[in-house]
Amino acid sequence: MLARLTALSLVFAFCGSAQTTLRQAAAQRALPIGAAADADEYGQANKLNIPAYATTLSTQFSMLEPENAMKWDVTQPGQNTFNFEPADKLVAFAQANHMVVRGHNLCWHSQLPAWLGPYAQTATPAQMSTVLQNHINTVVGHFQGQVFAWDVVNEPFNDPATGVLPDLRNSIWYNQPGIGQSGTGYIEQALRWAHAADPNALLFINDYNLEAPGAKFNALYAMVKDFVSRGVPINGVGFEMHLTLGSYPSSTGLAQNIQALYALGLQVHITEMDVRLQVDSNGNASAADLQSQAAQYQRIMTVCLQNPGCTAFQVWGVSDGNSWIPGSFPGFGAALPFDVNYQPKPAFNSLISAMQTVTPTLNSANIVNAANYKGGSVAPGELVTIFGANFGPPSLAGAQLDSNGRVASTLSGTQVLFDGTPAPLIYSLAGQVSAVVPYEVAGKTQTVVQYVYNNVQSNTVTVPVVPAVPGIFSQNSLGTGPGSMLNPDNTLNTAQNPIAAGSYVQIFATGAGTIAGGAVDGAPAPGAGAQTLTVTATVNGVNAPILYAGPAPGEVNGVLQVDLTIPSGTPSGPQAVVVLVNGVASQGGVTVAVK
Ligand code: XIL
């Protein structure tokens, strides 16, 4: 008995030492978690050579942002003389440890090289423009393909904001002398140059005090809204999140700002979080303050996990021993989740706890027909796409067949349950999963949907069930314009490859309800079959004779194939096609090209 107890306690001791890392917990949530890091950029000893620094960085974090090594004073110390050595070391470290790199930054009013201030005093805006373009082009070009996201312009807004747009801070790039652009033009220009140098990098504007609604956020929002509407390359906004005890953004305010940007199609990265505390002469904070700090880390992480618009979370430094806070805010310190000895603090535990317990949010409005993105109800066998917050694998996992030759209902740790029945999955990706509604929902008025990723369950939502809700697949994957339709020779029907009136096309759709004789979830459709419900169709508003309407042979049960004859007399050009199932029409705006 005694021996057995000892063995058990040994097991517990072992479990305790193999503590979950931030990186592991974040991977479960498909969330990149980062730290700012230094190498040897100011002639200091290379921090990457400190074993505890390097180990903490690589085991606890999946993302790395050079804290200083990509700034102007390091990268262009002499005019047109570039130095990438420190940043290259950080990038190589990240790559060796399978971490992604955020680039920081390309245009800022601070940490400029000594030559640039005097130069700017006599330079023309045209010369300044050339200098900035050359810098962005050279730096982004050097790291092309290695930096997944760039802070292109850093801290451009007035602080405090004046409330008068564009509310931009005076700087050599804006107006002293500026690069010859008015208003937000210099920021737009910087984004365009960065995009040209690496079209695949995500481009961000980064600033502080954007976390709460107010004049500063309004200025940022007005600018990015204009950028998005005009197609200026921008992907997101960095919220720095340098907090101090007693001065925090509210969860609702933060969520509101993330959601406002997400509605524009922009992401938010929490880029520089720390929570500085008052410290004694030994650099120690009180136990109570460390607990308050932990609560704030947990709260901000929770908001991030609850909002699909928040796509990365980063802290500003590896440990309290190398944080910028003591140097920049005398009397303050202890701002990060690891202490000076790289030991986890209460903030570490609270971050882990948030990542392990915050419920992924499932919103019924985000369960939509996979062909036309219309939601509100589901039909048996309908292919649906579900959008949601920070769940799913970081890269796309495509459908797999299980041992019965059916489309598997567990994919990369993902499941979608309808009344507890796992649905066949077409693909799973962070924030997006596509499933086939099980035929078991047929005849019900509603179904309870839940999402599971790596054993973390979302909330459940109740969605009305209808017999049919058809959607036609289109070539742009958005459910508009030319349909995903095949001519009789199985070539894609396009404006260049139209079909003559009197001939037929094969149309692909979903949401047509049950299949006559029943259907097995996830099984490939047999060579023929029929829908239970009546399928009709129109082309250009005219009834089109149906040759076949039923399961698409070889596709997963749930895909509807309709072969219809283009009515004689149909005019040439793109003509509207509508499929009706028991009278319920598919979306408008899908066309077939007629000769
Ligand atoms: C800080 C670094 O952490 C310090 O090492 C450096 O001396 C000054 O800059 N906002 C930013 C970061 O965008 O670049 C700043 O980093 C912190 C505030």
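Are Cys 304 and Cys 310 buried or exposed? Cys 304 is buried, and Cys 310 is buried too. Keep in mind that what you're looking at is a predicted model.

**The disulfide**

Those two cysteines are bonded to each other: a disulfide joins Cys 304 to Cys 310, with an S to S distance of 2.0 Å. The link is left-handed, at -90° about the S-S bond. Search the whole structure and you get one disulfide. Another cysteine, Cys 107, has a relative accessible area of 1%, so it counts as buried.

**The chain as a whole**

Zooming out, the chain has 595 residues, and 53% of them are buried. Along the principal axes, the C-alpha atoms fill a box of roughly 85 × 85 × 40 Å. If you take contacts with a separation of 6 or more, 70% of them involve residues 24 or more positions apart.

**Aromatic pairs**

The whole structure holds eleven aromatic pairs. Here are two of them, side by side:

| Pair | Centre distance | Plane angle | Geometry |
|---|---|---|---|
| Trp 72 and Trp 173 | 5.2 Å | 35° | tilted |
| Trp 115 and Tyr 119 | 5.9 Å | 70° | edge-to-face |

Trp 72 belongs to helix α4 (residues 72–75), while Trp 173 is in the loop between β4 (149–154) and α8 (185–197), so this pair ties together parts that are 101 residues apart in sequence. Both Trp 72 and Trp 173 are buried.

What about the other pair in the table? Trp 115 has 15% relative accessibility and therefore counts as buried. Tyr 119 comes in at 21%, so it is partly exposed; the cut-off for buried is under 20%.

Ring pairs also build a cluster, made up of Phe 82, Phe 84, Phe 143 and Trp 150.

**A buried serine in a loop**

Where does Ser 377 sit? You'll find Ser 377 in the loop between β11 (367–369) and β12 (383–387). Its relative accessible area is 15%, so Ser 377 is buried despite its place in a loop. Setting aside neighbours within four places in sequence, Ser 377 is in contact with Glu 382, Val 463, Pro 464, Val 466 and Val 469.

Key:
Residues are numbered from 1 along each chain as its sequence is written. This is a predicted model: local features need pLDDT of at least 70, side-chain atom pairs count only at pLDDT 80 or more; totals for chains, interfaces and linings use all residues. Side-chain values use heavy atoms; hydrogens and water are left out. Buried means under 20% relative accessible area, exposed over 50%, partly exposed in between (1.4 Å probe, protein chains only). Contact means heavy atoms within 4.5 Å. A disulfide is a pair of cysteine sulfur atoms within 2.5 Å. Helices (H or I, at least four residues) and strands (E, at least two) are DSSP runs, numbered from the N terminus. Rings of Phe, Tyr and Trp (its six-membered ring) pair if their centres lie within 6.5 Å; planes under 30 degrees apart count as stacked, over 60 as edge-to-face and the rest as tilted.
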